[in-house]
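Biologist: I would like to learn how to read a model like this one. Can we go through it feature by feature?

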Amino acid sequence: MDDQLLTLGLYIGLPAIFLGFGWFIGYLSETRHERSLQKREDALKDVEVTDMRNPPGFSDSSGQCMLVTGEAVMASDVFKTWVFGLKNVVGGESKTFTRLFGRARREALLRMKAQAKELGCNAICNVRIEGADIGGNASGKGGKRVSNMAVVMASGTAWLRA
Amino acid sequence: MLIVNTETIPGKSVVELKGLVQGNTVRAKNIGRDIAAGFKNMVGGELKGYTELLTESRREALSRMAAQAEALGANAVVNVRFSTSAITSGASEMMAYGTAVVVE
């Protein structure tokens, strides 16, 4: 009787601890990343970003321009992925994964802005944002391959606005 | 070599169109990155190994495209676009393509 209770406890308890650990670390890392994103966005606020091909002032500018790029690959923790698996039963929006993609996009754009600033430019035009299929193997369980990665690549032309 | 993703470069005009140039690279992730990514999928956060993979691939593809443009005698590449696709579960191809032109 005791033995069976112990086995049952381990069968439920161990995965619960595993998921709880994932949830806790995931929550910490998400809030830390949000704060870092906010801080860096405030620092790079002066770099103007647009997806226009020919923003006002571009064709009259000095001609110093260069392609700049930024990419980010974000993963979600095991708890969020497990909850998402449940969500797949009833359908609907997964706000957590939407937030994950949002963070990946902001990170990619920030890196692009930082590269532009390094080149001495203060504006970026013709910004394109894409996803990529890099076939993540990371959470393979036998043959099942679920990609829990948000891959975002941003590119644009950095120029100097006088 | 000037590389931009707009159609025109301010202050310069296109004198001659050399043609479409492209550069691509296929990179495989290595076991180390996959294991690290597997761990990161437990706790969440950025997969720096994969990000580096993407950054290096883009840089390599762009430099190959620039080399092809230089071989054609161009001094700029305009309207650059990227494209990726997974080839097998362990590798993905990154391609950069654009129009090589002579500007002055």
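Modeller: Let us start with a backbone angle. This is a predicted model. Just after helix α2 of chain A, Gly91(A) takes a positive phi of about 80°.

Biologist: Which residues in α2(A) are buried?

Modeller: The helix spans residues 78-90, and Val78(A), Phe79(A), Lys80(A) and Thr81(A) are buried there.

Biologist: Is Asn126(A) buried or exposed?

Modeller: Count its neighbours. The cut-off for buried is 20 or more other C-beta atoms within 10 Å. Asn126(A) has 23, so it is buried.

Biologist: What is the phi of Asn79(B)?

Modeller: Asn79(B) has a positive phi of about 55°, although it is not a glycine. It lies in strand β4 of chain B. With 16 C-beta neighbours inside 10 Å, Asn79(B) counts as partly exposed.

Biologist: Now the sheet. How do strands hold together?

Modeller: Strands of a sheet pair through backbone hydrogen bonds, either parallel or antiparallel. In chain B, four strands form an open sheet in the order β1-β4-β5-β2, with mixed pairing.

Biologist: Which strands stand at the edges?

Modeller: They are β1 (2-3) and β2 (14-28) of chain B. Each has a single partner strand, so one side of each is left without a neighbour in the sheet.

Biologist: How many bridges join β2(B) to β5(B)?

Modeller: There are 13, and the two strands run antiparallel. For one pair, find Gln22(B): its bridge partner in β5(B) is Tyr97(B). Next, look at what packs on the sheet. Helix α2(B) touches β1, β2, β4 and β5 of chain B. Its direction makes about 145° with that of β2(B).

Biologist: Which strands pair between the chains?

Modeller: Strand β2 of chain A, residues 65-77, and β3(B) pair in the antiparallel sense over two bridges. Look for Met74(A): its bridge partner in β3(B) is Glu46(B).

Notes. Residues are numbered from 1 along each chain as its sequence is written. Chains are lettered from A and ligands numbered from 1 in the order in which they are written. This is a predicted model: local features need pLDDT of at least 70, side-chain atom pairs count only at pLDDT 80 or more; totals for chains, interfaces and linings use all residues. A residue is buried if 20 or more other C-beta atoms lie within 10 Å of its own, exposed if 12 or fewer, and partly exposed in between; C-beta atoms are placed from the backbone. Two strands pair if DSSP finds at least two bridges between them. Two residues are in contact if their C-beta atoms, placed from the backbone, lie within 7 Å. Axes are lines fitted to C-alpha atoms, for helices over the stretch in contact, and angles run from 0 to 180 degrees between N-to-C directions.
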